[in-house]
Amino acid sequence: MKTKTFAVDIDGTITENGVGRINLDALAALRHLTNIGHNVIFVTGRSSVEAYLLSVFGGTTKIAVGENGGCITVDTNEHILLGNMQQCQHALNIIQKEIANVSEKPVFPRMTEVVLERTFDLELAKQVVLEKKLDVLLSDSQYAFHINSIGIDKGTGFQNVMKRLSISRDDVISIGDSATDIPLFKIAKTSIALGNSSEYVKSQATMTTNAKSGDGVIEALDKLAPKLSEV
């Protein structure tokens, strides 16, 4: 059996977005993939520590990409920082002066990004970033708005893991539901957008599912089952 590496988003993919409740059947299916020799790596807008803990307790591959690619956790006290928190905080200060109702979301501590409540016009904030020539990128994970250093996304973060583990693009299968997953789709030979994805996100994937979130993950794995046995 040829080893595949699954790059899997968390919120809205194996959880009910906005609730954070894990679909246990989906997690069990991912753990089964790990048990039979595949890699399952969480790639998320949440902190890499949260994702790493999920890998430990969930029984998947113990490495995680968090903060939309800005931070990689490879052990309990070993983190690879790709983003620049000072850039993100500077951008936050400027955006707050220009736009009302911009506030940080209470989340696990971040090392490379700023996470915001979805309470303001993101497109207006992006315009401020352009006008002020700030070296950051704003994105919407549906869970929150995120400020990341320019050039940082889930794709660049996961490419670091690919190099570290000598993983080929041809062996990567990415699964997600939001616009923040599109850079991850682009570096995978097979990409899967779930039923709860927007039409635009679906158009960027090589496969889609009818089912949403965790049920969509199970549907996708069922479709892929024949390929997972290829030598």
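Select R164 and E78 to begin: in this predicted model they form a salt bridge (a side-chain nitrogen of Lys or Arg within 4 Å of a carboxyl oxygen of Asp or Glu), with the closest N and O atoms 3.6 Å apart. R164 belongs to helix 5 and E78 to strand 7 (residues 78–81), so that the pair, 86 residues apart, links distant parts of the chain; helices (H or I, at least four residues) and strands (E, at least two) are DSSP runs, numbered from the N terminus. R164 is partly exposed, at 44% relative accessible area, and E78 is likewise partly exposed, at 38%, where buried means under 20%, exposed over 50% and partly exposed in between (1.4 Å probe, protein chains only).

Residues are numbered from 1 along each chain as its sequence is written. Local features need pLDDT of at least 70 and side-chain atom pairs count only at pLDDT 80 or more, while totals for chains, interfaces and linings use all residues; side-chain values use heavy atoms, with hydrogens and water left out.

Next, select D9 and K154, whose salt bridge has its closest N and O atoms 3.0 Å apart. D9 sits in the loop between strand 1 (5–8) and strand 2 (15–16), and K154 in helix 5 (residues 154–165), 145 residues away; both residues are buried.

Then move to helix 8 (residues 213–224), where E219 and K223 lie four residues apart, about one turn of the helix, and their side chains meet in a salt bridge at 3.3 Å, N to O. E219 is buried at 19% relative accessible area, whereas K223, at 44%, is partly exposed.

Finally, select D11, R46, E50, R110 and E113, which salt bridges with shared partners join into one network; the structure holds 15 salt bridges.
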